[in-house]
Amino acid sequence: MSEPLRVLVTGAAGQIAYSLVIAIARGEVFGTNQPLDLLLLDIKPMEGVLNGVVMELQDCALPLLNSVTPTCDESVAFKDIDVACLVGSMPRGEGMERKDLLAANVKIFKTQGNSLHQYAKKTVKVVVVGNPANTNAMICSKYAPSIPKENFSCLTRLDQNRAQSQIASRVGVKVADVRNVIIWGNHSSTQFPDISQAQVKVQDKLKDVRSAVQDDSWLNNEFISTVQKRGAAVIAARKLSSAMSAAKATCDHLRDWWFGTESGTFTPMGVISDGSYGIEAGLVYSFPVEIAADRTYKIVQGINIDNFAREKMDATKNELIEERDLAISVCED
Ligand SMILES: NC(=O)c1ccc[n+]([C@@H]2O[C@H](COP(=O)([O-])OP(=O)(O)OC[C@H]3O[C@@H](n4cnc5c(N)ncnc54)[C@H](O)[C@@H]3O)[C@@H](O)[C@H]2O)c1
Ligand SMILES: O=C(O)C[C@H](O)C(=O)O
């Protein structure tokens, strides 16, 4: 067995972490031969709950778990970590937009960017889950200047999972038979779930989604708004934001980053824009990416952007520009 991998989960006493830490600790992300040192960060008032999570992890008797460190101290939590899952932050309640969380949450990511810069390995891979996830990831990277920009990402895989699941049930196939839905932009209600490159396997033949679904009106309207508003629909139903599905998507995101995407497929990731597709450099924008076995990714190039797509990609970009400007002013206060 190899050396233990040091994996940090923040917000470790919260809902998402409750599903996430067990999946990581069972080997569902980094493999069943990879021992783990888990570092679990939460804030002081949650210390008791955090200790309860640790007790349960002990009681799971997990063979891959080399150590578990619960802490409220960032200098302990971020020390020499290989992977950071930054979940800890306030979720939105019913009727709130993700933007409403910005002022409350963005400062957490400034502080944690600084802690990554000071304590983490320079090779650390970071996934930001806490909302507004794209802008939090941008701020985190800004305050961690010693860590390469391409090591920062935010979660939009949940949106792709939602989109692929909607298409699978519309066509009447298994979700594993749908691939390559793109999520462009912000993890918010302005995101653009784009089926132009997506395929569905029907009776062992790959078809493009439009010919499999045969309902352009549904694809251009209801499908897009269902995916855009799915987070709000879960909050309205559960009175809590999605947690199980967010944890599962975080595992999918990290597993693909660790082992690479399958040939012929890509995954959506919020990454720092290099200017591709006319998206302002420096914004954290969700693009389709292909990931190599050495854990480097490339934004998929050459996708034809028609007027319908351009308008939607620009709307979500403009929202991210607004968020960026607000976040920078909050952090510089
Ligand atoms: N990107 C996505 O796809 C996605 C999906 C679902 C939820 N989310 C977001 O994930 C975040 C967490 O959701 P949840 O349901 O687990 O919330 P939760 O309230 O159950 O848990 C959040 C935890 O974070 C902790 N926390 C707060 N400040 C912290 C800090 N500075 N350091 C460490 N921990 C801190 C809280 O004490 C709490 O235990 C929310 O912002 C939510 O909106 C994102
Ligand atoms: O929508 C939310 O606020 C929670 C989360 O980002 C989601 O998409 O479910």
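View 1. The buried residues of H5 are Ala133, Asn134, Thr135, Asn136, Ala137, Met138, Ile139, Cys140 and Ser141. Helices (H or I, at least four residues) and strands (E, at least two) are DSSP runs, numbered from the N terminus. Residues are numbered from 1 along each chain as its sequence is written, while chains are lettered from A and ligands numbered from 1 in the order in which they are written. In this predicted model, local features need pLDDT of at least 70, side-chain atom pairs count only at pLDDT 80 or more, and totals for chains, interfaces and linings use all residues, while side-chain values use heavy atoms, with hydrogens and water left out.

**View 2. The shell of residues around ligand 1.** There are 25 residues around ligand 1, and those that come nearest are Gln15, Asp42, Ser89, Val129 and Asn131; a residue is near a molecule if one of its heavy atoms lies within 4 Å of it. Helix H1 (15-25) and helix H4 (102-119) each supply at least two residues of this shell. Domain 1 (5-154) and domain 2 (157-323) each give at least three residues to the shell, with domain bounds that come from an automatic or database domain assignment.

**View 3. Polar contacts of ligand 1.** A polar contact is a pair of N or O atoms within 3.5 Å. A polar side-chain atom of Asp42 lies 2.6 Å from an oxygen atom of ligand 1, and a polar backbone atom of Ile16 is 3.0 Å from an oxygen atom of the ligand. For Val129, a backbone N or O atom lies 3.2 Å from a nitrogen atom of ligand 1. Of the 870 Å² of accessible area that ligand 1 has on its own, the protein covers 88%, by the Shrake-Rupley method with a 1.4 Å probe.

View 4. His187 lies in the loop between strand S8 (182-184) and strand S9 (192-194), and His187 counts as buried because its relative accessibility is 8%.

**View 5. Glu332 in helix H12.** Glu332 belongs to helix H12, residues 307-332, and counts as exposed because its relative accessibility is 54%. Although Glu332 and Lys110 are 222 residues apart along the chain, their C-alpha atoms are separated by 10.0 Å.

Terms used. Buried means under 20% relative accessible area, exposed over 50%, partly exposed in between (1.4 Å probe, protein chains only). A polar contact is a pair of N or O atoms within 3.5 Å; within protein, one must be able to donate a hydrogen and the other to accept it, and residues adjacent in sequence count only if both atoms are side-chain atoms.
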